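Here's a quick briefing to read with the model open. Have a look at the strands and helices as you go.

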Amino acid sequence: MKQLAYSALLAVSLTFSQITLADEKKDTTPNPYPEEKTVVTEHTTKVGGKTIKYTATTGNSFVYNDKNEVIGSIFFTAYTKKGADPKKRPITFTYNGGPGSASVWLHMGALGPKRVVMDKEGFALKPPFEYIDNEYSILDLTDIVFIDPVGTGYSRAHDKGTDKDFHGVWEDISSVSEFIRLYMTRNERWSSPKFLAGESYGTTRSAGIAYHMGQNHGVYFNGIMLISSVLDFRLDDFSDRNGILAPVTMLPSYTAAAWYHNKLKAPLSSDLESSIEQAKEFAMNDYALALLQGDNLEPRRKLAIAERVADFTGLSVDLVLEKNLRITLNDFLHNVKRKEGETIGRLDGRFTTPELDAMNKRGYRDPSYMAIHGTYTETLMTYLSKELNYKSDLPYHILGGGVKSWNYDEFNRQSNDISDKLTSAMLRNPDMQVYVGNGYYDFATPFFATEYTFSHMGLPKELKDNVHMHYYKSGHMMYVREHDLIKLKQDLAEFFKKSL
């Protein structure tokens, strides 16, 4: 009997041990989904010579569907000034673009309290990389909430949700708007002056959010900041071989980059702004008229136009004629410095890389993106863990890793243009100011395409005065160049004054 009892006890003990070990093994398996948690830390910095004490709150906020079921979570980092009155203290919700980009670029490059160390012109230094206090942060002007939409950063679709719930033009606008609504509710910021700041596709998001939240939540923003703006996607679409908008609106950017690389002849080579103005005049008149005529263009006239296109781009007349006057972006990037064996950057035309017939090689990357990808990734990962004390085993999706496809269906039916929604938001809220920042050497969101967009929005005169255009002698991320980072801060400080 004693032996049987002992055997039974041993069996129970082994079973319990196996359960315990199984539980321990299960507990040590990394959670594939984020938790809804926040980490709060206290900091002090100097901006514009003034000391600012602030709180950093980093974490994930769940996103719910109409049935109040969790469908995902959005990762954010919020900086709030200590002791400030929320009714008077502005708050800015900010994000980058892609779609599929985390907010790392504006966070660690321009607006946040820390910034990546680059050289004065924005070119990368050797690793390991460093970050420093950002004396040009906008934290002296506003509290800031950096948002990583689902599929970027640590943000994920999970539980009852799938990527399809978030990865589309209006799906994204809806989910980010809901995050903003919930943040304002939980943190009692409904009465604060409110701003949006988006870069690249983030400007598309901003136009949609200003419209969506005004229509559906009664949220009126004091101002929105469109950094490297893209509202009308037709303007950089070279796939339509008969379309004229893309070649016309891109030409002045070609001129700017050709000027930078000393490819223009006198008198165009003398002054950047003057050359750009002449390129605009040519693009909207003789060039556009020639493209409209297509095959009916008289040969001698075609040659004359080709010679002028060559003058404004630094390309050969033979190449312009070979391309039938339509110089696509790839044509320009891979040919303007082909004699030197180099390709120039898409995000920033100042950057170059060895050509190696790059447009036909798999794995080619934009040299201006290669310069910042590793730099910003390394510094953000160090900063989140070391200073903000946020720990996670999840991969942080910087750009593209968490977004494989995007639903443009409804957007396509609306002519690939969201500027009409911005017009509606401005008409509903006529006090809202709009800052627009443009890099001369940016081919991802060309400055002349942005000018064209705003000149076709049908704004009444009093609302046209609410739009404030600014220009920088750098590219898509103008703030990587220190001179333009300083100018950006000055321009935004003036913008906040007008908006408040």
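In which sense do S3 and strand S7 (residues 143-148) pair, and over how many bridges? They pair in the antiparallel sense, over five bridges. Bear in mind that this is a predicted model: local features need pLDDT of at least 70, side-chain atom pairs count only at pLDDT 80 or more, and totals for chains, interfaces and linings use all residues. Numbering starts from 1 along each chain as its sequence is written, and side-chain values use heavy atoms, with hydrogens and water left out.

- Helices (H or I, at least four residues) and strands (E, at least two) are DSSP runs, numbered from the N terminus, and two strands pair if DSSP finds at least two bridges between them.
- On the S7 side, Ala78 has Val145 as its bridge partner.
- S3 also runs antiparallel to strand S2 (residues 50-64), with 11 bridges joining them; Tyr54 sits opposite Lys81 in S3.
- S2 and S3 make a hairpin with five residues between them, and Asn68 in that turn has a positive phi of about 65°.
- Strand S8 (residues 156-157) is joined to S3 by two bridges, again antiparallel, and Ala157 in S8 is the bridge partner of Gly72.

**What's buried**
- S3 (residues 70-81) has 11 of its 12 residues buried, so it's largely enclosed by the rest of the structure; buried means under 20% relative accessible area, exposed over 50%, partly exposed in between (1.4 Å probe, protein chains only).
- Helix H13 (residues 447-455) is mostly covered too, with eight of its nine residues buried, among them Phe447, Glu451 and Tyr452.
- The cover over those buried H13 residues includes helix H5 (245-260), helix H6 (272-293) and strand S14 (467-472), where contact means heavy atoms within 4.5 Å.
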